Amino acid sequence: MKLNQLLKGILFKQITGNEETEISCIHTDSRSVKPGSLFICLSGFKADGHQFAQQAIQNGASAVMVEKPLPGVPDGVTVITVPETKRVLPIVASTFYDHPSCKLRMIGITGTNGKTTTSHMVEHILNKSGCSTGLIGTLYMKHGELQVPTVNTTPDPIKLQGFLRLIADRGGRCAVLEVSSHGLDMGRVTGCGFHTAVFTNLSHDHLDFHHHMDDYRQSKEILFSRLGNSADDMLKTAILNGDDESSSYYANRTSAQVLSYGLNSGNHIRGLDVRCSGSHQQFLIKTYDGEHHSVTLRMPGIHNVYNALAAAAVCFCEGMSWEDIVSGLETFEGIPGRFEDISSASSFQVTVDYAHNPGGLRAALITARDVTKGKVICVMGCRGERDKLKRPIMAGIAADLADHVIFTSDNSYAEDIENIFNDMKQGLERAKMDHIQFIKDRKEAIQQAVSSAAAGDRVVITGRGHEKELVTGSAVQKASDADLVKECMHCNT
Ligand SMILES: CC(=O)N[C@H]1[C@@H](OP(=O)(O)OP(=O)(O)OC[C@H]2O[C@@H](n3ccc(=O)[nH]c3=O)[C@H](O)[C@@H]2O)O[C@H](CO)[C@@H](O)[C@@H]1O[C@H](C)C(=O)N[C@@H](C)C(=O)N[C@H](CCC(=O)O)C(=O)O
Ligand SMILES: Nc1ncnc2c1ncn2[C@@H]1O[C@H](COP(=O)(O)OP(=O)(O)OP(=O)(O)O)[C@@H](O)[C@H]1O
């Protein structure tokens, strides 16, 4: 695409050099630049992209976009100056990929917990009903058999628009996106015209980035305030968890039609008669017009009933029949690392769960208690470098809800594990200390939990879920919790 065509949607710009230059790709990371690229300089959290412009030029960039003067640019490289590169990036990315979100029904799911689970349920129901649907989130970008790994839950605008183009070109009709608060705050989804926006819940997380719960709540508002503001927007829907107190905040900030879901009376789509039966949940969905539909979900946990109600509401808005919605929910088999049973060969169970914040941990341990006859033994840690305020809260939840807790390392990155343990200890009451152990090495902690489990007990290992790398300082251990469990079980036989 010619540079001037790529920039036609940008109102304020100054161009020095050849406007007709052919642009073959766009990049914000100098290390990925190839000949023919447009390199866009972003001011980041750790570095200033302008410092890498020369490296991008050496790697063959034909054009560089900046928001401040850039000395020493050789002849033949076009420089585009704009007021804010971050604001322009999504427009350039969407133009480069020919606005793929306009060709797709866009469904965005935000909330502290449940985005991955709910988006997979939606993707499964829609695909099973014959509506070709792609998914972009924490685990990967997925469409049919194609899976591409992702670094961020909500990818940066270039990757995101590229993924949407791929889904559209492969014949996709819908795209389900996990939309993180970071993604909204950093403008990663600007340029995506969502038809449906879903809110799962809001609880303590990411306060290293958002500083305060009010800021965190506010960042998610962007997804809802952009819906329903014009005549052709009238069929857009905000789907809100009516049992979460933040829903009224989002309802007040959208012009779209609101569909609420939850277990409490007054919700438009309501779960009733919820019963846990082994590792299944049975419940009724009561719709706004008074119909009842019986569902057996192959996943335990009340939190998954909420995720199922949210997914059902989305698919209802996509025009699916209740028969298809129920059939989709009942054939959904869960996803890796979310209350995943690893070893049922022994007389006790071992479960891996991605809970890494207070709300998720509470949900996982309440579920464990519901489905376990014997003791619940929890192995958990808190991540290094991120939100330190959640550490004592999570430690307190584990101590309250499990019979025995082994605190261990999670991805501690460059932070000393002793610091993390000290923060966690602040949340522990002295009276509960007798059922708590601290074992730094995660594999040893799992080994200890597994060898102390008796018939009917359940070991719940939280924090890492599907993740395959454990990062401690500069050491990277290539093992998932499921791998570590299997090694420990093998040693025990
Ligand atoms: C805090 C944050 O979100 N950081 C994101 C941000 O990186 P950054 O601003 O720190 O980048 P930087 O290192 O300062 O570099 C600035 C610029 O210089 C460029 N650069 C840098 C080095 C170089 O050699 N050459 C070069 O060109 C960089 O590409 C960048 O454009 O932009 C990067 C590219 O888009 C993101 O990958 C990165 O996400 C990091 C990995 C991250 O951990 N983000 C987390 C907090 C996050 O976004 N999480 C949410 C989900 C949370 C949840 O729900 O659990 C998510 O959506 O993933
Ligand atoms: N609706 C829910 N309410 C509370 N906790 C939940 C809910 N759904 C899932 N969880 C808990 O949160 C963990 C992560 O679930 P999931 O991956 O679906 O959430 P997420 O919002 O995508 O998280 P992330 O963005 O960090 O990947 C689960 O393993 C479970 O412990």
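In this predicted model, helix α13 passes helix α14 in a right-handed crossing. Sorted by class, the contact between α13 and α14 holds four nonpolar residues, one polar residue and two charged ones.

Helix α10 spans residues 302–317 and helix α11 spans residues 322–331. The angle at which α10 and α11 pack is about 145 degrees, and their axes are 10 Å apart. Here too the crossing of α10 past α11 is right-handed. From α10, the residues Ala 308, Ala 312, Cys 315 and Phe 316 meet Trp 322, Ile 325 and Leu 329 of α11. What classes of residue make up this contact? Seven are nonpolar, while none is polar and none is charged.

Stepping back to the whole chain, the domain assignment gives domain 1 (3–96), domain 2 (98–331) and domain 3 (340–491). Between the C-alpha centres of domain 1 and domain 2 there is a distance of 34 Å. The contact of these two domains takes 11 residues from domain 1 and 12 residues from domain 2.

Finally, there is the empty space to consider. Rolling a probe the size of a water molecule over the atoms shows where such space is left. The second largest pocket has a volume of about 240 Å³. Its lining has 14 residues, and Arg 298, Met 299, Pro 300, Glu 333 and Phe 339 lie nearest the centre of the pocket. By class, the lining divides into five nonpolar, three polar and six charged residues. Where does this second largest pocket lie? Domain 2 and domain 3 both give residues to its lining, so the pocket lies between them.

Technical notes. Residues numbered from 1 in each chain as written. Chains lettered and ligands numbered in written order. Predicted model: local features only at pLDDT ≥ 70, side-chain atom pairs only at ≥ 80, totals over all residues. Heavy atoms only, no water. 1 Å grid on protein atoms, 1.4 Å probe; cavity = no way out; pocket = protein on both sides within 12 Å on 5 of 7 lines; lining within 4 Å. Points joined across faces, edges and corners; volume = space filled by probe spheres on them. Nonpolar A, V, L, I, M, F, W, Y, C, P; charged D, E, K, R; others polar. Domains from an automatic or database assignment. Left-handed = near helix turned anticlockwise from the far one by under 90°. Helix = DSSP H or I, 4+ residues; strand = E, 2+ residues; numbered from the N terminus. Contact = heavy atoms within 4.5 Å. Axes fitted to C-alpha atoms, helices over the stretch in contact; angles between N-to-C directions.
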